[in-house]
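These are my notes from a first look through the structure, kept in the order in which I looked things up.

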Amino acid sequence: MIATVAMLAVSCEGGETAIGRGDRFWADSNYTAALAEYRLAVTQSGGDNESLARAAHAYAVTGQLAPARELYDQLLKQAPSYADQAVMDYLDLAKRAQARGDQFGVAQAVTAALAAQPGLSLPQYDQELARYYTEANQPDRAMEHYRRALAEAPPDSAPRILYDMGLVEEGRSNFGRALSYMQAFREAVAPMDSTGRRSSYGHGPWRSLLPEARWHIGNCSFQLAKQAQAQGRMRDALDDYTTVTGLGVPENIQDQAWFQEGEVLRRLGRADDALFAYRKVLDLHPSLTGQLVQRAQQRIDQIRFGRPPDDTSPPS
């Protein structure tokens, strides 16, 4: 069998093997021709370590991750000692993908490297992997990489990671965690001054995200307020509704937030404060039309004139 393989590997030109020809092409930087010879060597040898290593490396150098990984997977089963070579090739592919802005290519190459050498630490790619897994709707894996990135991030990069982590948690309705991340982002970019005021502009490269962060803080607070209200935790609900109305965002739910704030205040026995909240609903609808306006007016009349409630529908 060995003799047969050796005979197949010999060319008609001077007894040169496919690997020999491939090495000669490689020395001349003719990588495509070298790859063709190495592939022939793989076929002729049935996939021995030497031919697999050369062919896999040639695929990587020519930018072909999928066939490179296929051959490296086969090679590492036979000879795990080639793991370092595989990792170096994968990371080179990741670097090239990163340079051309190919997030998918980065993720695929780094994933291959981690498979070849489990436990490998690659903090320089964690943010890109996190964004890739976010887009792939794999939030658990995304958060794993975001946490790693945050642990290694310099101070000027950390706020953006916090913001992105908040988006992931909000996307899967973990509003408490999302709120914590967004508030941490806001504090990092626009901290309170000595008078207890927060800058509207912030500082650093991520200050342009402040309006979006305020919107997400308002949205998460509104969702948490509704949950607390449904569970009978009125003081918690009031704190969260107050956050929403204090921020003024999201704009499209301000009337609902003020109405529910009034409902909570009424439950807590704070009639004057509840009146103020219900009147804010009317202020937001100068035409005084709509179901929510009617409900707010009913509550005002109930408080002012002691009328029995005629609106028994649950909070919206």
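Against which helices do the buried residues of α9 pack? I found that they pack against α8 (126–135), α10 (158–171) and α11 (175–189), where contact means heavy atoms within 4.5 Å.

Before going on I noted that this is a predicted model, in which local features need pLDDT of at least 70 and side-chain atom pairs count only at pLDDT 80 or more, while totals for chains, interfaces and linings use all residues. Residues are numbered from 1 along each chain as its sequence is written, and side-chain values use heavy atoms, with hydrogens and water left out.

**Helix α9**

I looked up the extent of α9, which covers residues 139–152, has 14 residues and reaches 20 Å from its first C-alpha to its last, close to the 20 Å expected at 1.5 Å a residue. That expected span is 1.5 Å times one less than the number of residues, and helices are DSSP runs (H or I, at least four residues) numbered from the N terminus.

I then listed the buried residues of α9, which are Ala142, Met143, His145, Tyr146 and Ala149. Seen down the axis of α9, these buried residues fall within an arc of 165°, so they line one face of the helix; the arc is that of the directions from the helix axis to the C-beta atoms. On the face turned away from the buried side I found the exposed residues Asp140, Ala151 and Glu152. For these words I used relative accessible area, with buried under 20%, exposed over 50% and partly exposed in between (1.4 Å probe, protein chains only).

**Salt bridges**

I counted a salt bridge where a side-chain nitrogen of Lys or Arg is within 4 Å of a carboxyl oxygen of Asp or Glu, and by this rule the count comes to 16.

One of them joins Asp164 to Arg131, with the closest N and O atoms 3.6 Å apart. Asp164 lies in helix α10 and Arg131 in helix α8, so the pair ties together parts that are 33 residues apart in sequence. I noted that Asp164 counts as buried at 5% relative accessibility, whereas Arg131 is partly exposed at 26%.

Asp164 also meets the side chain of Arg160 in a salt bridge (3.0 Å, N to O). Both residues lie in helix α10, four residues apart, about one turn of the helix, and Arg160 counts as partly exposed at 24% relative accessibility.

I also looked up the salt bridge of Arg233 with Asp236, whose closest N and O atoms are 2.8 Å apart. Elsewhere, salt bridges that share partners join Asp23, Glu50 and Arg54 into one network.

**Aromatic pairs**

Rings of Phe, Tyr and Trp (its six-membered ring) pair if their centres lie within 6.5 Å, and planes under 30 degrees apart count as stacked, over 60 as edge-to-face and the rest as tilted. I found nine aromatic pairs in the structure.

Trp258 and Phe276 form an edge-to-face pair, 5.9 Å centre to centre with 75° between the planes. Trp258 lies in helix α14 (residues 254–267) and Phe276 in helix α15 (residues 271–283), so the pair ties together parts that are 18 residues apart in sequence.

The rings of Phe259 and Tyr278 have their centres 5.5 Å apart and their planes at 55°, so this pair is tilted. It links Phe259 in helix α14 with Tyr278 in helix α15, 19 residues apart. Phe259 is buried, with a relative accessible area of 0%, and Tyr278 counts as buried at 0% relative accessibility.

Note on methods:
Helix = DSSP H or I, 4+ residues; strand = E, 2+ residues; numbered from the N terminus.
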